[in-house]
Amino acid sequence: MTYTSSTGEQVTYEGAAGESVMQIAMHHGLRGIIAECGGSMSCSTCHVFVDEDDLELLPPVSELEDEMLDTTAVDREPNSRLSCQLVLADGCWIHVTTPESQM
């Protein structure tokens with residue numbers, strides 16, 4: 001996983017297959033992902049922007065995730081996702097950018 005902050009700072013963390021982008025961020029204390037609901041998709045404080053080249057590696061946005069993305073603190077973009085819904089598969093490497101604010 002590569003995370004880029006809204007100010008351009010990059011960090012890289014390894015995750016295991018089956019872990020979500022949000023879980024990896026939380027394990028490492030990454031600033032920029034709050035995850036108030038702990039991954040139950042009842043908030044939008046784990047909003048990220050997925051690198052355009054990585055979108056095809058991910059399952060499509062579910063109806064509920066789509067609704068939650070309408071409640072993000074920073075306007076959603078075509079590449080917006082909730083990091084709790086982005087589960088890594090074997091050999092998958094994803095690059096995401098965190099928004100300026102989650103609240």
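User: Before we start, what should I know about how the model is handled?
Analyst: Happy to explain: residues are numbered from 1 along each chain as its sequence is written, and side-chain values use heavy atoms, with hydrogens and water left out. The model is predicted, and local features need pLDDT of at least 70, side-chain atom pairs count only at pLDDT 80 or more, and totals for chains, interfaces and linings use all residues.

User: What is the strand order of the open sheet?
Analyst: Strands are DSSP runs of E with at least two residues, helices are runs of H or I with at least four, and both are numbered from the N terminus. Two strands pair if DSSP finds at least two bridges between them. The open sheet has five strands with mixed pairing, and the order is β2-β1-β5-β3-β4.

User: Which strands are the edge strands?
Analyst: In the open sheet, ordered β2-β1-β5-β3-β4, an edge strand pairs on one side only.

User: Which residue in β2 stands opposite Thr 4?
Analyst: Strands of a sheet pair through backbone hydrogen bonds, either parallel or antiparallel. Strand β1 (residues 2-4) and β2 pair in the antiparallel sense over three bridges. Opposite Thr 4, the residue in β2 is Gln 10.

User: Which parts does the pair of Arg 81 and Glu 65 tie together?
Analyst: A salt bridge here is a side-chain nitrogen of Lys or Arg within 4 Å of a carboxyl oxygen of Asp or Glu. The side chains of Arg 81 and Glu 65 meet in one, at 2.8 Å from N to O. Arg 81 and Glu 65 are 16 residues apart in sequence, so their pair ties together strand β4 and helix α2 (residues 63-69).

User: Are Arg 81 and Glu 65 buried or exposed?
Analyst: The classes rest on relative accessible area with a 1.4 Å probe and protein chains only: buried is under 20%, exposed is over 50%, and partly exposed is in between. By that rule, both Arg 81 and Glu 65 are buried.

User: Which residues are linked in a network of salt bridges?
Analyst: Asp 66 forms a salt bridge with Arg 76, with the closest N and O atoms 2.8 Å apart. This pair links helix α2, where Asp 66 sits, to the loop between α2 and β4, which holds Arg 76. Asp 70 also meets Arg 76 in a salt bridge, at 2.9 Å from N to O. The network is therefore made of Asp 66, Asp 70 and Arg 76.

User: What is the phi of Ala 35?
Analyst: Most residues other than glycine have a negative phi. Ala 35 is found in the loop between α1 (21-27) and β3, and it counts as buried at 11% relative accessibility. Its phi is positive, near 60°.

User: Where is Met 41 placed?
Analyst: Met 41 has a positive phi of about 60° although it is not a glycine. Met 41 counts as buried, at 12% relative accessibility. Its place is in the loop between α1 and β3.
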